[in-house]
Amino acid sequence: MSCLEAKKPPLFISEPLTKDTVSQSLSLLNGILKSCYGPAGRLKQLHNGVGGYVCTTSQSSAIFSRLSVSHPVLRVLTASVQNHISRFSDCGLFTAILCCSMIENFKSLNIATWTVIKISKHLLSVCMDYLKSEACGCRVSVDFSSLETLLCLVRSVLRSKPACMLNKPEVEHLTALILKAFLFTVPCHVETNAVLGKCVIVPVKGRRVVDSTVLPGLLIETPEIQWAKPLTVKRSCSNMIKMALFCVSLSGDLFSAEEGTITVHHAISLEKSELNRLLNVGKQLVNDEVGLVVCQKVIHPSLKQYLEENHVMAVDRAGLSLMEPLSRMTGSKPIASVHLLSPSCYGSLKDVRIESFASKRFVHLIPNDAVVCSLILCNRNETAWDELKRACETAEHVLQLTIKEPLALLGGGCTETHLASYIRHKSCSLPTSSFKDLDCSRTQYQLVADGFCRSLESVACSLNHDDGEILTDMVYGHCWFVPSGFLSVSNWSDLVSKCGCGINGNTENLNWRLLQGQFGSPIIQGCPKDPTGKVADFLTLDCFAAKCSGLQVALETANMILDLSYVIEDQN
């Protein structure tokens, strides 16, 4: 007889943020994420307690998908960040670090939580209005008729991923390839509801990064293809190659036991009957002048031989991931049954070739309009390749977001410090009526605004991992990094040459001040200026849509966590 255990009552935890375990866990998580941030971020190795695959990374998408947190407060934070990453791919660490910093700074204020939330929401609206205004001094317009800004966006993504182990020539080579691949996916003929194409990444590990290349169309790996054998593919009267795409197996497999029982008459061979049916499909394909057959699964050897004898190229084991781009590129409709073979399902191709890359052989399908392309991505080892694949996917997503909203924000910590300077300026000149609307005092507003600005500045400070000083100027409000080993001096101009994003040089009296400080920075008098110089070719830029979303998600998540009164856990 089994032993019955009495049901335990739920565990009520009041004011969870006042508990030391929660504060320590938040501080630990914040420290881990800050140490990963930026081009000089430290790598993390993530693996489970019983061994298995070890992931070496500094990217938020890999960290949060493998990071196991137990406390409900941390789960709320990580779930919010993961949702942001799933929608934008970029600025995940920015969002998480900013959220943790806001919780720590707001929690330390001796102000009612609801007042803090109301003021911080007002500060967020001031930030968003500024970022979306023409007067914003930390954003740049992206001109798609010129490649410089687009190259800066892609380069900034790649340079921020140290686990990819790329040197400068490799970064430049991949930057050009990723942008070229993206441009392949942009339709030449823009319609009302234009849809971007797709870039398929083909893995080649153990080769140099500079061996990577991009080709229009799709590559399907086919180890059995003989390189020396001449390629003869039947063409239609219009000189195009007609293609049939099957998502059903053509292997001639019989019914499985789960599908029920069948009655077979004496002297009837199911295998032969199934093969005859497949050969009849092959005859119809030949009669319909199909030149290429691609199957997601397996093609029976006899059917494959019959097709090749009739100059129809047969490619099997294409896999599920290629079905959608194949269908889109060729216009073919995946055929799900050999009983329903309609000529309207066929697509067309411009050409088919055999390509050899490293030790692999591919069938190269070349479309009429190249909205689908293949990026052959190389790196020295599996760990670096996995990290590089994630970085390339992020860069492609950033370009897709930018084509919808052609703006970018200055990187290298400059947007954060510029926004902090702007908020400090605006909070000084706020009319008295605004405090009445927010039901707070001027002092309360200033304290929350200072916590908001220090949270932004802490993200910029996270880019520095070498114990050097971090400055901001009193003119543009940009971020400047002093190399480690120099003591505090009065003339910082001798130690810095360019700001974090690279748009400002040290060419005028900028009135420096230290960014890091226990009680925040002094208020800047006057609104930070918009840089008037020419936009440099090698700017560090961030995705506008991703960073704006990250700013909103960070504050909303921090406010939600600050507002938690109880955590109720079921212990059964």
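Predicted model: local features only at pLDDT ≥ 70, side-chain atom pairs only at ≥ 80, totals over all residues.
I began with Gly-477, whose backbone nitrogen lies 3.0 Å from a polar atom of the Asp-473 side chain, and I took a polar contact as a pair of N or O atoms within 3.5 Å, where within protein one must be able to donate a hydrogen and the other to accept it, and where residues adjacent in sequence count only if both atoms are side-chain atoms.

Residues are numbered from 1 along each chain as its sequence is written, and side-chain values use heavy atoms, with hydrogens and water left out.

I then placed Asp-473 in strand E16 (residues 470-473), strands being DSSP runs of at least two residues and helices (H or I) runs of at least four, numbered from the N terminus. Asp-473 is buried but has no salt bridge, and Arg-513, the nearest side chain of opposite charge, is 8.5 Å away. Here buried means under 20% relative accessible area, exposed over 50%, and partly exposed in between, with a 1.4 Å probe and protein chains only; a salt bridge is a side-chain nitrogen of Lys or Arg within 4 Å of a carboxyl oxygen of Asp or Glu. Lys and Arg count as positive, Asp and Glu as negative, and His and the chain ends are not counted.

I looked up Arg-513 as well, and found it linked with Arg-424, Asp-450, Arg-454 and Glu-457 in a network of salt bridges. Over the whole structure the search finds 18 salt bridges.

One of them joins Glu-170 to Arg-380, with the closest N and O atoms 2.4 Å apart. This pair links distant parts of the chain, 210 residues apart, with Glu-170 in helix H7 (residues 168-185) and Arg-380 in the loop between strand E14 (372-379) and helix H11 (382-404). Glu-170 is buried at 7% relative accessible area, whereas Arg-380, at 38%, counts as partly exposed.

I also checked Glu-387 and Arg-390, which form a salt bridge with the closest N and O atoms 2.7 Å apart. Both lie in helix H11, three residues apart, about one turn of the helix, and both are buried.

Last, I turned to helix H14 (residues 442-461), where 15 of the 20 residues are buried, so the helix is largely enclosed by the rest of the structure.

Conventions
Expected span 1.5 Å × (residues − 1).
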